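Student: Could you walk me through this structure while I have it open? I'd like to start with what counts as a contact.

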Amino acid sequence: MRKPTSFVHPPVHVSSSSIFGLRILLKVHQQSIHFKHSRLTLRVICAGQPSQPPQPSSNETLNIISILRAIPDWADGIKERGMRRKRALYDHEKWVEHRSSLRHVRHLMSSLNSRVILSLVPPVLAFTTAAVIIASYNSAVSLHWLPEIFPLLRASSLPYQLTAPALALLLVFRTEASYARFEEGRKAWTKVIAGANDFARQVIANVGCTTDASLKNALLQYIMAFPVVLKCHLIHGSNVAQDLQDVLDDGDLAVILRSKDRPRCIIEFISQSIQLLSMEEAKRNILESKISCFHEGIGVCEELMGIPIPLSYTRLTSRFLFLWHLTLPIILWDDCNWIVVPATFISAASLFCIEEVGVLIEEPFSMLALDELCKLVHSSIQEAMDNEKIIQAQVNAKRQSHYNKNAPNGWPSLRNTEDTN
């Protein structure tokens, strides 16, 4: 009888050649384990845990943020340098140039130097890029380069026709409110300059030159210094010490530089000087009343600096413009196709420029020629001080000649009496 077939496999016999091959592989592995160990150690040190994917470092994140902020920072730098630029007062020659028929060509040629236009590069570039992306996507969908699941981005223009008047009114209100602040700041500085000149005139006319000569000169210096200190108080980055080094003494300048409220410190100098003058009480009260225009100027200027236009209007205008231009290529695609790119560029450059002008003139003092106004006050008061004795001598000479002509012997002459009759 045959033996039943067993389902158990027979033992596998390994040949001597196979054993020899395994031994060689084991030796090679033992010799290379040091190199693998060093490589593994380096990999563990560099990666931390090999099972986790490498995370982006903070330096890479900062580099991406710095790249994205490069253009806005560049535009803001140009804007702030323009805000610190000194303005000039207009004279006859400047007015002739201002109303010249060639002004449009001149303004067009200077567009690349305009801080208003250069500050619009970030938003205009962003919305123009978005228009290019939307136009490329719609073109790809129209040419069936994308699957049919991707829809064509288009919409009716009726919502834009309904909201366009609202956007126009919002921009007009924003600009008008900013110009009202600019006009208020200009009027405040007009009162300060006129008040300083009138104050100096009252001091020159009512204070004698014999007993209070030094105190009178010091008081006039304080009056000349007040517009300069107020200007430095309002404009960021002004150098008070440099602007006042030729106006005040070193001791007075040191006291003002240590003060936190420098305009009112100058007013205190003026008030103390008036109290030390040897003059009638009525005249002293007149001089004291002239200080009120300085206090009023400080109050108006600090109010304009500290309280902007309600931020809700500024935010609403910005958000409205953002959504308007972000969806503008979708609205215009059916009618314009790729013309949506230049249309978006022109619309963004125009409307954002109006909004930018409103933001710039909202803070009026950087737009006014305050340095020239301060120099004008200084020169007019200094000229009045220099001409005081000359004018007084001329007036006294005329008075004396008139007296000698009418009364040579202490009595009016007969000829002059007959001429009068």
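Tutor: Contact here means heavy atoms within 4.5 Å. This is a predicted model, in which local features need pLDDT of at least 70 and side-chain atom pairs count only at pLDDT 80 or more, while totals for chains, interfaces and linings use all residues. Residues are numbered from 1 along each chain as its sequence is written, and side-chain values use heavy atoms, with hydrogens and water left out.

Student: OK, so which residues does Gln202 contact, leaving aside its neighbours within four places in sequence?

Tutor: Those contacts of Gln202 are Val207, Ile286, Leu287 and Lys290. Gln202 itself belongs to helix H8, where helices (H or I, at least four residues) and strands (E, at least two) are DSSP runs, numbered from the N terminus.

Student: Is Gln202 buried or exposed?

Tutor: Gln202 is buried, because its relative accessible area is 14% and buried means under 20%, with exposed over 50% and partly exposed in between (1.4 Å probe, protein chains only).

Student: Zooming out, how many helices and strands are in the chain?

Tutor: The chain has 18 helices and 0 strands, and 31% of its 421 residues count as buried. Among contacts with a separation of 6 or more, 74% are between residues 24 or more positions apart.

Student: Now H12: which of its residues are buried?

Tutor: In H12, the buried residues are Pro263, Cys265, Ile266, Ile267, Phe269, Ile270, Ser271, Ser273 and Ile274. Their cover includes helices H8 (158–206), H9 (213–234), H11 (250–258), H13 (281–289) and H14 (292–306). H12 itself runs over residues 262–276, and its 15 residues reach 22 Å from first C-alpha to last, close to the 21 Å expected (the expected span being 1.5 Å times one less than the number of residues).

Student: I handle cysteines a lot, so how many disulfides does the structure hold?

Tutor: The structure holds 0 disulfides, a disulfide being a pair of cysteine sulfur atoms within 2.5 Å.

Student: Switching topic, which loop holds His144, and what is its phi?

Tutor: His144 sits in the loop between helix H7 (121–142) and H8, and has a positive phi of about 60° although it is not a glycine. Most residues other than glycine have a negative phi. His144 counts as exposed, with 66% relative accessibility.

Student: And Asn337, what is its phi?

Tutor: Asn337 has a positive phi of about 55°, again without being a glycine, and lies in the loop between helix H15 (311–336) and H16. Asn337 is partly exposed, at a relative accessible area of 39%.
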